[in-house]
Amino acid sequence: MAHKRSGGGLSTAQQAAKFLGVSVLAGVVLAGITLPAAGALGLSAKGTAAGFDDLPGELKQPPLSQASKILDAKGGLIATVYSRDRTVVPITRMSPNILQAIVDIEDARYYEHGALDVKGILRAMSNNASDGNTQGASTLTQQYVKNVFVEEAGDDPDKVAQATQQTVGRKIKEMKYAIQVEKELGKKKILENYLNITFFGEQAYGIEAASERYFSTHAKDLTLDQAALLAGLVQSPSRYDPVNDEQEALTRRNTVLARMAQLKDITAAQAAAAQKAPLGLKVSTPKNGCITAVNGAGFFCDYVRETFLQNAAFGKTKEARAKLWNTGGLTIQTTLDPKAQRSLLKGINKHVYKSDAIASAMTMVQPGTGKVVAMGQSKPYGFGKNETQINYSVNADMGGGGGFANGSTFKPITAAAALEAGYKPTQQYPAPYQMPYPDVTTCGGETIHSTAGTQNEMKSEVGPFRMPEALKRSINTYFVALEHDTGLCPILNVAAKLGISRADGKQMVQGASLTLGTNELSPLTVSAAYAAFANRGVYCTPIVIDSVVTSQGKHLAVPKSLCSRAMSQNTADTLNTMLEGVVDDGTGTAANLEGRPTAGKTGTTDDRLDAWFAGYTPNLAAAVWMGDPNGAGKGGKRLSMVDLTIGPRWYDKVEGATGPAPIWKDAVSGALKGQPVKDFTTVVLNIPDKAEENRTPPPTDPSHPGDDGGKNGGRTGGPVGQPGGVTTMGTTTGAIGGVNAGAAGGTAGGVTVGPGANPADGTTQGPGGGPGGVSFPPIIGPSGTDAEAGQ
C-alpha cells in the first residue's frame, strides 16, 4: 500500500502513477488525438472507453440546476427553493475583475491554446516527475466539461464519484469533449458557462450565487479583491472557505492577486493595495425551502410545492416533477395576497399564541376563482419547539393531518340539499331539546339504527323551529329531522359537488350524525365549499399557482380552477339569506363585519374538542378552526377546550361563536380593507311573524292525538284544511310538509313529546291511517353521546 511521505507529498508509487497518467495524455495529444484500443495502452476497460473514436461525439449539456423563486400575487418573494443555489447570469453581468482573476489563476494561457494545452501537459509531466510537486494539466475548457459531468450526476453519490474519479479513461473522455465544446462554443461562451457552473463553497454554485453569499452583492459589482478571493476558492472551496478559515482564505486571495500582477493584468500597486484590504465579508445566510418563507407563508409555500409535485401538468412522473422543482430555475407566481396573509396571521396571533396547547388554522378563498389568497396557523412552520411541518389547513395527502370534525358548519350543506329537494325555509319541526337518532339509509341501501341521540346546546332550545331560526340558533334536533327527511344520499351528493371530502382520504362516514359535522375536514375544504355559497352556487376548485416561467422565459401550462354548479342559484341565494341572519343576530354575531354583508356558520363538536367559524362575503370566504391538534383524526387523546386560557383570554368553554368567530372577523376585515362593498342577492323567506309562530294551539282530545293537526301526533293531519304535523321519524307516503293534508293524510309517525305515547313500544296511533309519533324518555343516555354541541 502506498503511503504519503512525512512532508505530505506523494509516495513514489503515486508519483509514478501520476507521471504515467500525464505521459499517456501527452502521447494522446502529440499523436494528434488518435488512440489505439484500450488494451494497447495497458489500461483496463473499466478505466477508459473502448477507444477514443468510439466515444459519443456530442457532450450532453444538461440545463444548469438553478434556484426557483416563489412569488406572491403582487410579485413579492415568498421563498427560494433549490437543490443547488445558482442564478445563471450572462458574461455581460460579470465583473471584468472576476473574468481576469479566474483565467489568471486557473488557466493563464486560456486565450492562447486550444481545448487542450500541450505545453501545460508537457510542463506538468516534467515537473511531476522531477521534483515531486504535482501540477494539473486541465484547461478551463476541460474543467468545464468535468463540471458538466458532475452536474449531470445530480445528487446521486455514485454518479458523482464516477464523474470525478481520477482515471486516465475519464481524462480521455474529458479531452475529447473539450475539443468538441471549444469548437462549438468558443472561448467567451465557455468562460461564461464555467463561471455559472462552478462550485464556490457554502452551497453557492456559480459566480452570482457566490457573490451574494460571501459579499451580498452581484457578480457585476465585484471589486478586485473580492474577485480574487472568489477565484481562489475554485481550487478547493472547503480549504479556502473564508467563513471557516479567514487566514487561509486571505493567503489564497493574495496569491491570486500576485499572479495577476505577475501576468501584467493588474499593476503591482493595484495588487499591493488589494492585498492590504481586509476580506470584507458580508455573508448572507443560505436560504432554501419553505422554512424560509416570509410573512408566515411557510404552509402556503408547502402547499404550492405539493401542488406542483402532484400535478401532471409539470411532468409525467413524480421524479420528473421533483427534478424540475429542485433544479428548474422557475419563477412561480402564486395566488397569495400579501395583505390578506398579514391580516390572517395578525388575526390568529391576537387570539391564539404559538405556545398554547390549543392551535388555530385558517384559509381564505376567493369566490368565483378558487384562488387561495391566504393560509396560516398559530403553530409556525419549522422544526423547533411549538413549531410543526404539518399543515392543519389542508388534507393529509397535501401535507396536512387527519382533519378535524367540523361540527355545525356542515348544517348548511344539509340545508342546501333540502332546498334542492324542494323543501322550503318554512319547513318546521318540533325540535325538542333531546331526541334519539332516527334510522337512516346509506347510499348503498343499508339501514343504520343508532341507540344514541342528540340534544341542543341549551335546555331552553325547544321548538318548533323553521329553517332560518334553526340555522341561527344551530338547533341539532331540527337538523337531524331535516336530514332524515332529505336523505343521506342527497346531502352527500351536494357535499361532493362542493368538494367536501374527508381530510384523511377515507370515504365520508354515513350515519345520522352526518349533519352534525362528525366527519374530519380541513379548513381549506370548508372555505372552498362556503366560497360556492358566495358564488351563488358555483363551486370552483382551489388553486394556488397563477403562472410558472422557466429560466429561459418559457411559460408552462398551469392547472386552472374547475368551476361547476353545485346547487341552483335560488338555493344559494336562499341559503345566503339565512346565513346572513346567523351573523346578524344568531350564533355568529361575533364575526359580523360592520358595513359589509356577512354570512356564515359556527360549529362546536362533542366535548369541545374542535370549534369552527366558516363565513363569507361576496368578496371572500374563509374558515377558522381551533382545537388541540395532537391526535386529531387519529383517535388520540385530545384536550377539551373547557376552563383554560388560550392566547390572552380565559375561557370557561370554547364555542365557534367565542373562539374562531372573533379571529375570523379580525382577519377578514383586514384582508378586505379597501375592497368594494358588495351585497348578496337575497330572497324573501316568507316566514310567519312571531305572533303567528307562537300562537297557542287549540285544546286536543288526549285520546286522539292526531286531531291537533299533527303537532303532537304524526303527520297524519288534523281536520280538513289545516296543516298537518311535521315528520322527524318514520316514512313519508304523502306529500312532504303535510300542508292541507286533511284527516286522511298517509304519513307514518311524527315525534310525540307530550301525552299519547305508548310506553311499551313508543308509538301512538293517529286517526289518519299511519302510526303515531315516536316517543323518547326525557334523558337519552350519557350527556353528549354522539351529540354535537351545536354552537
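The structure holds 23 salt bridges, a salt bridge being a side-chain nitrogen of Lys or Arg within 4 Å of a carboxyl oxygen of Asp or Glu. This is a predicted model, in which local features need pLDDT of at least 70 and side-chain atom pairs count only at pLDDT 80 or more, while totals for chains, interfaces and linings use all residues. Residues are numbered from 1 along each chain as its sequence is written, and side-chain values use heavy atoms, with hydrogens and water left out.

Select E151 and R86. Their side chains meet in a salt bridge, 3.2 Å from N to O. E151 lies in helix α4 (residues 140-153) and R86 in the loop between β2 and α2 (96-106), so the pair ties together parts that are 65 residues apart in sequence. Helices (H or I, at least four residues) and strands (E, at least two) are DSSP runs, numbered from the N terminus. Are these two residues buried or exposed? E151 is buried at 9% relative accessible area, and R86 is buried at 0%. Buried means under 20% relative accessible area, exposed over 50%, and partly exposed in between (1.4 Å probe, protein chains only).

Next, select R473 and E469. The closest N and O atoms of this salt bridge are 3.9 Å apart. Both residues lie in helix α16 (residues 467-473), 4 residues apart, about one turn of the helix. R473 is partly exposed at 28%, as is E469 at 23%.

Then select E457, R608, K653 and E655, which are linked in a network of salt bridges.

Move to the open sheet of 5 strands, whose order is β2-β1-β3-β15-β16, with mixed pairing. Two strands pair if DSSP finds at least two bridges between them. The edge strands, β2 (77-81) and β16 (555-556), each pair on one side only. Strand β1 (residues 68-71) pairs with β2 in the antiparallel sense over 4 bridges. Select S68 to find its bridge partner in β2, V81.

Finally, select helix α6 (residues 168-185) and helix α7 (residues 187-197). They pack at an angle of about 115 degrees, with their axes 7 Å apart. Axes are lines fitted to C-alpha atoms, for helices over the stretch in contact, and angles run from 0 to 180 degrees between N-to-C directions. V181, E182 and L185 in α6 meet K187, K189, I190 and N193 in α7, where contact means heavy atoms within 4.5 Å.
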